[in-house]
Amino acid sequence: MKRKNAQTLGEVIREFFDDNTELYDKILEIRVHRAWGEILGPMVMQYTRNLYVRNGVMYVSLTSSVLRSELILYTDCLIKSLNEYAGSEVLHKIIIR
């Protein structure tokens, strides 16, 4: 017997996230957090002490002042790369400490 209101799994998940935008935003923040390590590599992760995203701003604490000054020069490029990895405009600003 065939059901009349059958939906694909993708449609159901999309509807779920449309109803729960806070959850979807949190998932995007986690993607950006993961992207930091994948885009910049293990050497930068070695010097990354604290990393979190709040309200479209990524806060990064680094232990190397040389790396900090280099990354500050490339913040616009980093924002673009991290947003592309997440597949959405998650970040507007990166604060590197």
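Here is a short chat about a predicted model of one protein chain.

Me: Hi! What helices and strands does the protein chain have?
Reply: Hello! In this predicted model, the protein chain has five helices and three strands.

Me: And which pattern do they follow along the sequence?
Reply: Reading along the sequence, you get α-α-α-β-β-α-α-β.

Me: What is the radius of gyration of the protein chain, and what would a compact globule of 97 residues have?
Reply: The protein chain has 17 Å, while a compact globule of 97 residues would be near 13 Å. As for the extent of the C-alpha trace, it spans about 65 × 25 × 20 Å along the principal axes.

Me: How much of the protein chain is buried?
Reply: Buried residues are 32% of the 97. The accessible surface of the protein chain is about 7,100 Å², and carbon and sulfur atoms hold 53% of that.

Me: What about contacts between residues 24 or more positions apart?
Reply: Among contacts with a separation of 6 or more, such pairs account for 53%.

Me: Switching to charges: how many positive and negative side chains are there?
Reply: There are 13 positive and 12 negative ones, with the centres of the two sets 5 Å apart.

Me: Now for one residue. Where is Ser61?
Reply: Ser61 sits in strand 2, which covers residues 57–62.

Me: Is Ser61 buried or exposed, and why?
Reply: Ser61 counts as buried because its relative accessible area is 12%, and the cut-off for buried is under 20%.

Me: Which residues is Ser61 in contact with, leaving aside neighbours within four places in sequence?
Reply: Those are Tyr47, Thr48, Arg49, Asn50 and Arg97.

Technical notes
Residues are numbered from 1 along each chain as its sequence is written. This is a predicted model: local features need pLDDT of at least 70, side-chain atom pairs count only at pLDDT 80 or more; totals for chains, interfaces and linings use all residues. Side-chain values use heavy atoms; hydrogens and water are left out. Helices (H or I, at least four residues) and strands (E, at least two) are DSSP runs, numbered from the N terminus. The radius of gyration is taken over C-alpha atoms; the globule rule is 2.2 Å times the number of residues to the power 0.38. Buried means under 20% relative accessible area, exposed over 50%, partly exposed in between (1.4 Å probe, protein chains only). Contact means heavy atoms within 4.5 Å. Accessible areas come from the Shrake-Rupley method with a 1.4 Å probe; for residues, only the protein chains shown count as cover. Lys and Arg count as positive and Asp and Glu as negative; His and the chain ends are not counted. The place of a charge is taken as NZ of Lys, CZ of Arg, CG of Asp or CD of Glu.
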